[in-house]
Amino acid sequence: NYFIDYLRSKTSAFKKPLIAITPVVIFISIFGVYAYPMWTGEVIPNGDGPIPSAHIKVPEYYIETSRWLKEQKDDFKIFNLPLSRLFYAVYDWEHGYIGADPSNWIFPKPMIASNTGKSFEIPLQIATVLSKGESKTNNSEISKILALLNVKYLLFHNDTNWEYIKDHPWWISTTPAIYKDILNNQRGINLEKSFGKLDFYKISDKYFLPHIYPASDITL
């Protein structure tokens with residue numbers, strides 16, 4: 001404003017063109033030249049050595065999954081595998097990903113992506129059973145317990161960074177091969193659909209109930 005007022009105070013044949021051009025030049029200088037790294041993404045670290053890249057690109061199959069879930073009008077939850085104790089996720093995406101589990105932001109259905117405190121450790125117990133090889137002997141109780149949590153699908157993330165979570169105390173996990181072996185041998189749990197590296201295992205309609213309501217009074 002100061003510069004434009006200064007130009008207005010001068011009398012010359014070029015006054016009007018200068019006053020018209022000056023805001024454009026200032027705009028391009030501030031938002032184009034000065035903020036150039038914002039346009040190119042250079043302000044986001046690429047990572048160096050052990051430091052991971054801060055770039056994130058959500059795979060397209062997550063968007064396809066979201067559309068598919070939006071088409072389902074009934075009320076249900078999705079159980080994440082592998083399960084984190086602290087709502088974290090580590091994915092082997094194009095630039096990698098580590099941080100809070102983004103599933104709740106991307107998908108239109110509520111996710112069980114961790115436990116919800118010591119008073120509600122059932123998700124941790126389910127994840128523990130599903131990560132042990134001995135549970136592959138047609139354990140139908142898992143289906144019933146998941147149904148009581150209003151879970152319709154088990155979501156298995158093949159895009160997990162398995163090397164990172166191996167023996168990590170923040171995750172309840174095993175190898176992908178053992179997981180697949182366990183899930184494929186569970187009575188009442190069947191592979192329904194796959195999107196890219198996401199596998200959805202459906203809880204049998206025999207167990208899944210559309211709605212579970214809390215009791216008005218709780219007796220311990």
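This is a predicted model: local features need pLDDT of at least 70, side-chain atom pairs count only at pLDDT 80 or more; totals for chains, interfaces and linings use all residues.

Student: What makes Thr-65 count as buried?
Tutor: Buried means under 20% relative accessible area, exposed over 50% and partly exposed in between, with a 1.4 Å probe and protein chains only. Thr-65 has a relative accessible area of 0%, so it is buried.

Student: Where does Thr-65 lie, and which residues does it touch?
Tutor: Thr-65 lies in helix α4, residues 60-70; helices are DSSP runs of H or I with at least four residues, strands are runs of E with at least two, and both are numbered from the N terminus. Leaving aside residues up to four places away in sequence, Thr-65 touches Phe-107, Phe-195, Leu-198 and Phe-200, where contact means heavy atoms within 4.5 Å.

Student: How many aromatic pairs are there?
Tutor: Rings of Phe, Tyr and Trp (its six-membered ring) pair if their centres lie within 6.5 Å; planes under 30 degrees apart count as stacked, over 60 as edge-to-face and the rest as tilted. The count by this rule is 19 aromatic pairs.

Student: Why is the pair of Trp-68 and Phe-195 called tilted?
Tutor: The centres are 5.3 Å apart and the planes stand at 45 degrees, so the pair is tilted. Trp-68 is in helix α4 and Phe-195 in strand β8 (residues 189-195), so the pair ties together parts 127 residues apart in sequence. Trp-68 counts as buried at 14% relative accessibility, and Phe-195 does at 9%.

Student: And what makes the pair of Phe-76 and Tyr-153 edge-to-face?
Tutor: Here the ring centres are 5.6 Å apart and the planes are at 75 degrees, so the pair is edge-to-face. This pair links distant parts of the chain, with Phe-76 in the loop between α4 and β1 and Tyr-153 in strand β6, 77 residues apart. Both Phe-76 and Tyr-153 are buried.

Student: How do you know that α6 and α7 are roughly antiparallel?
Tutor: Axes are lines fitted to C-alpha atoms, for helices over the stretch in contact, with angles from 0 to 180 degrees between N-to-C directions. Angles under 35 degrees count as roughly parallel, over 145 as roughly antiparallel, 65 to 115 as roughly perpendicular and the rest as oblique. The axes of α6 (residues 122-130) and α7 come within 11 Å and cross at roughly 155 degrees, so the two helices are roughly antiparallel. Ile-122, Ile-126, Val-129 and Leu-130 of α6 make the contact with Ile-142, Ile-145 and Leu-146 of α7.

Student: What is the peptide bond from Leu-81 to Pro-82?
Tutor: That bond is cis, with omega near -5 degrees, and Pro-82 belongs to the loop between β1 (77-81) and β2 (83-84).

Methods:
Residues are numbered from 1 along each chain as its sequence is written. Side-chain values use heavy atoms; hydrogens and water are left out.
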